Amino acid sequence: MPDAVMDRKQVIQRELLWHEQESHRRHRLDSLLYDPPAFDDVVQQSIDFLQGDSGELVLDMGCGEGKEALELASRNLYVVGTDLSYTQLKRARELIKQELPQAKLCLIQANAEQLPFANSSFRMIYGKAILHHLDLDASSKETQRLLSSNGRATFAEPMARHFIIWLGRRLTPKLRTDDERPMKLSDLEHFGHTFEEPKLQTYYLLAPLAYTFRLIPGFEKMFATIFSLLSTLDQVLLTHFTFLRRFAWYGSIMVLQRSHDK
Ligand SMILES: C[S@@+](CC[C@H](N)C(=O)[O-])C[C@H]1O[C@@H](n2cnc3c(N)ncnc32)[C@H](O)[C@@H]1O
């Protein structure tokens, strides 16, 4: 077996083991960072981009504990959630069963770089915080393969250069896997370049300062207000001063599949 293939197999194995055995360590941090209303704009804009019709099939690639699968299902989409980790999928199943028992949902344990679906199986693919665990070329090819003609895919990913987040990562290495790599704008651009009309969007420069309030019991409302105000200011800054985009916390790439008729 070629060295590169062997190396990738070992990475996938390490990712799997970490998410099965260690991911519980991240619960409090994930809840602090991602519980609504934080990230509402990222998630809503990504889902809006997909333009799903009621009952349509959507692939949630690397669905993790199912928070966004729940969001997609609550828009009456039929969600196929895939993840490497059985433990994560079990949590996703429990969450959705509890919050939206009528959800149309299918969960499958699989490696996102080689998914067990036929070509052109999906018109919509959603991902959040998954590409930075994957080989970019392999996942870009797999997304191309799975998207049907005129299909849409969106991925929102943590980026490498936000100072507070960078510092947080350095201080808490045990809360993430050894192989994950926060992305640069150029990585997202590289991922998007083989698709039609790739659209890059960045989020959150100053908004992470608001988490200080979330750390204080009883200040959740204050957190929500400050987070929302700073996010709005961030959008103005990121729109007018494009050099700041590389320092944003999150970046998303939204792409269209080329029409197969062309
Ligand atoms: C940071 S979590 C994000 C989960 C979810 N999308 C969210 O935003 O809450 C990353 C997820 O990717 C999964 N993962 C890592 N490598 C993977 C791979 N090669 N194939 C599929 N899933 C993978 C992990 O098990 C984990 O659940």
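Q: Which residue of S2 stands opposite leucine 57?
A: The model is predicted, so local features need pLDDT of at least 70, side-chain atom pairs count only at pLDDT 80 or more, and totals for chains, interfaces and linings use all residues. Residues are numbered from 1 along each chain as its sequence is written. Strand S1 (residues 57–61) and S2 pair in the parallel sense over five bridges, where two strands pair if DSSP finds at least two bridges between them. In S2, the residue opposite leucine 57 is tyrosine 78.

Q: Through which helix does the chain cross from S2 to S3?
A: S2 and strand S3 (residues 105–109) pair in the parallel sense over five bridges, and valine 79 has leucine 105 as its bridge partner in S3. This β-α-β crossover is right-handed, and the chain passes through helix H5 (residues 86–99).

Q: How many of the six residues of strand S2 are buried?
A: A residue is buried if 20 or more other C-beta atoms lie within 10 Å of its own, exposed if 12 or fewer, and partly exposed in between, with C-beta atoms placed from the backbone. S2 (residues 78–83) is largely enclosed by the rest of the structure, because its buried residues number five.

Q: Is leucine 89 buried or exposed?
A: Leucine 89 is placed in helix H5. Not counting residues up to four places away in sequence, leucine 89 touches Asp83, Leu107 and Gln109, contact being C-beta atoms, placed from the backbone, that lie within 7 Å. Because 22 other C-beta atoms lie within 10 Å, leucine 89 is buried.

Q: How many residues does the largest nonpolar core have?
A: A nonpolar core is a set of buried Ala, Val, Leu, Ile, Met, Phe, Trp, Tyr and Cys residues joined through C-beta atoms within 7 Å. Val58, Ala69 and Ile125 have the most contacts inside the largest core. Leaving aside neighbours within four places in sequence, alanine 69 is in contact with residues including Asp60, Val79 and Leu105. The number of residues in the largest nonpolar core is 54.

Q: Which helix gives the most to the shell around the ligand?
A: A residue is near a molecule if its C-beta atom, placed from the backbone, lies within 6 Å of it. Of the 20 residues around the ligand, His19, Gly62, Gly64, Leu84 and Ala112 come nearest. H1 (3–21) and H4 (67–74) each supply at least two residues of the shell. With three residues, the helix that gives the most is H1.

Q: How many residues of the shell around the ligand are charged?
A: Ala, Val, Leu, Ile, Met, Phe, Trp, Tyr, Cys and Pro count as nonpolar, Asp, Glu, Lys and Arg as charged, and the others, Gly among them, as polar. The shell has seven nonpolar and seven polar residues, and its charged residues number six.

Q: Which residue of S7 is the bridge partner of threonine 154?
A: Strand S7 (residues 250–256) has six of its seven residues buried, so S7 is largely enclosed by the rest of the structure. Seven bridges join strand S5 (residues 147–158) to S7, and these two run antiparallel. The partner of threonine 154 in S7 is methionine 254.

Q: Which residue of S7 is the bridge partner of threonine 202?
A: S6 and S7 run antiparallel and are joined by six bridges. The partner of threonine 202 in S7 is glycine 251.

Q: Is tyrosine 204 buried or exposed?
A: Tyrosine 204 has a positive phi of about 70° although it is not a glycine. Its place is in the loop between strand S6 (196–203) and helix H9 (211–214). Because 28 other C-beta atoms lie within 10 Å, tyrosine 204 is buried.

Q: What is the phi of asparagine 76?
A: Asparagine 76 lies in the loop between H4 and S2. With 14 other C-beta atoms within 10 Å, asparagine 76 is partly exposed. Although asparagine 76 is not a glycine, its phi is positive, at about 65°.

Q: What is the omega of the cis peptide bond that joins proline 36 and proline 37?
A: Proline 37 is found in the loop between helix H2 (27–34) and helix H3 (40–50). For the cis bond between proline 36 and proline 37, omega is about 10°.

Notes. Helices (H or I, at least four residues) and strands (E, at least two) are DSSP runs, numbered from the N terminus. A crossover is right-handed if, with the strands pointing away from the viewer, the path from the first strand over the helix to the second runs clockwise. Two residues are in contact if their C-beta atoms, placed from the backbone, lie within 7 Å.
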